[in-house]
Amino acid sequence: PDFFENKLTKQIWTIIKTDFVDKEGIDEQELYYGALKGFVSGLDDPYTVLLDPDESAEFELQISGEFEGIGAEIAIKEDIVTVIAPLPESPAMKAGIVAGDKIYAVDDQEILGMSVEKAAKLIRGPRGTEVKLLIARGSQQPQEIIITRDRIELKSVTWELRNDNIAHIKLSAFNVDTGEAFDKIVNEIAAANPAGVILDLRNNPGGLLQTSLEVASHWLDAKVLVIEKFAADREVEYTSEKGAALANYKTVVLINGGSASGSEIVAGALQDYKVATIIGQQSFGKGSVQSLKRLPDGSSIKITIAKWLTPDGRSINDEGIEPDEVVEMSFEDYLAENDLQMDKAVEEILK
């Protein structure tokens, strides 16, 4: 608690100023925020981080959707910067980046041990510029992928009525505008009266908790959708708020390793109440809640305050969501647009 007042801290600072060989190049602000970041990193939680003023401003832009880059959600997994999911039609997806790719270097700069915010800062950049990533995928040899950055514009939800009379909803994120758009889609689906519904949450990295609850409510009425577990075992239950307009349609939910956060809340709730069959691959396992605290100097701290449990009490953060039926897809399947998971979902609804 007295870290910034004790004599050891002052002694280290004096030694640096006196003895460091390149003392003329010392950036005092960088040292200061570096110390604060090190202080926070002692919690050993990849989602609790200190953002310096520049990083904090960039984060505000990112969550507003006004940014340029490659369009990939990343996180720290097993101490390595890992792709949660490339965003639909993004430069990352077009370049062949897939969920689970591990990033070892950006423009020849090694990023092992780097925070996700610092790595993201290196990857982002102006539209039209290039960035080179060193990617490791599964047991394959690492490969360099060059991506041209672009402006990232997200349409979070779309749907189509397939020729087999199945409604396919593609939900790519849980944004501010997703709930209202989803409500409109539900009305259109009800008017079409399909044979069933496929809710596609693959490569959906999550977003706003409230939006995920609104989506799940279209299948579940007056049910607990997710439990937030805070310190000292305090728990808060969130219940459905809408009229479960899709409850009577046979439903399949598609997930993969790029399904995280809000996607896992929706898939977990529908699975626990057995109102949908979950098909695909194990989800990412990002089931913790972060609160952003803005600080007077323009910096901010993003801190984990709770963990999410499914209605049956399963820890999303520790376990992820295991599909009812596992259907693996290789990178070759992606390239050939051979969607085995979609084929299985259609089979499940029509059988």
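1. Lysine 286 lies over the face of tyrosine 47, 4.8 Å from the ring centre. This is a predicted model.

2. The whole structure holds 16 salt bridges. One of them joins lysine 132 to aspartate 108, with 3.1 Å between the closest N and O atoms. Lysine 132 belongs to strand β7 (residues 130-136) and aspartate 108 to the loop between β5 (102-106) and β6 (109-110), so this pair ties together parts 24 residues apart in sequence. Aspartate 108 is exposed, at 58% relative accessibility.

3. Lysine 132 also forms a salt bridge with glutamate 144 (3.9 Å, N to O). Here strand β7 is linked to strand β8 (residues 143-148), the two residues being twelve apart.

4. Aspartate 200 and arginine 202 form a salt bridge at 2.9 Å, N to O. Both residues are buried. Through shared partners, salt bridges join Lys170, Asp200, Arg202 and Asp339 into one network.

5. There are two aromatic pairs in the structure. Tyrosine 32 and tyrosine 33 are edge-to-face, with centres 5.1 Å apart and 70° between the planes. Tyrosine 32 is partly exposed at 45% relative accessible area, whereas tyrosine 33 is buried at 9%.

6. The rings of phenylalanine 182 and tryptophan 219 have centres 6.2 Å apart and planes at 55°, so this pair is tilted. Phenylalanine 182 is in helix α6 (residues 178-192) and tryptophan 219 in the loop between α7 (209-216) and β13 (224-229), so the contact ties together parts 37 residues apart in sequence. Phenylalanine 182 is buried at 0% relative accessibility, and tryptophan 219 is buried at 2%.

Note on methods:
Residues are numbered from 1 along each chain as its sequence is written. This is a predicted model: local features need pLDDT of at least 70, side-chain atom pairs count only at pLDDT 80 or more; totals for chains, interfaces and linings use all residues. Side-chain values use heavy atoms; hydrogens and water are left out. A salt bridge is a side-chain nitrogen of Lys or Arg within 4 Å of a carboxyl oxygen of Asp or Glu. Helices (H or I, at least four residues) and strands (E, at least two) are DSSP runs, numbered from the N terminus. Buried means under 20% relative accessible area, exposed over 50%, partly exposed in between (1.4 Å probe, protein chains only). Rings of Phe, Tyr and Trp (its six-membered ring) pair if their centres lie within 6.5 Å; planes under 30 degrees apart count as stacked, over 60 as edge-to-face and the rest as tilted. A charge sits over a ring if NZ of Lys or CZ of Arg is within 6 Å of the ring centre and within 35 degrees of the ring normal.
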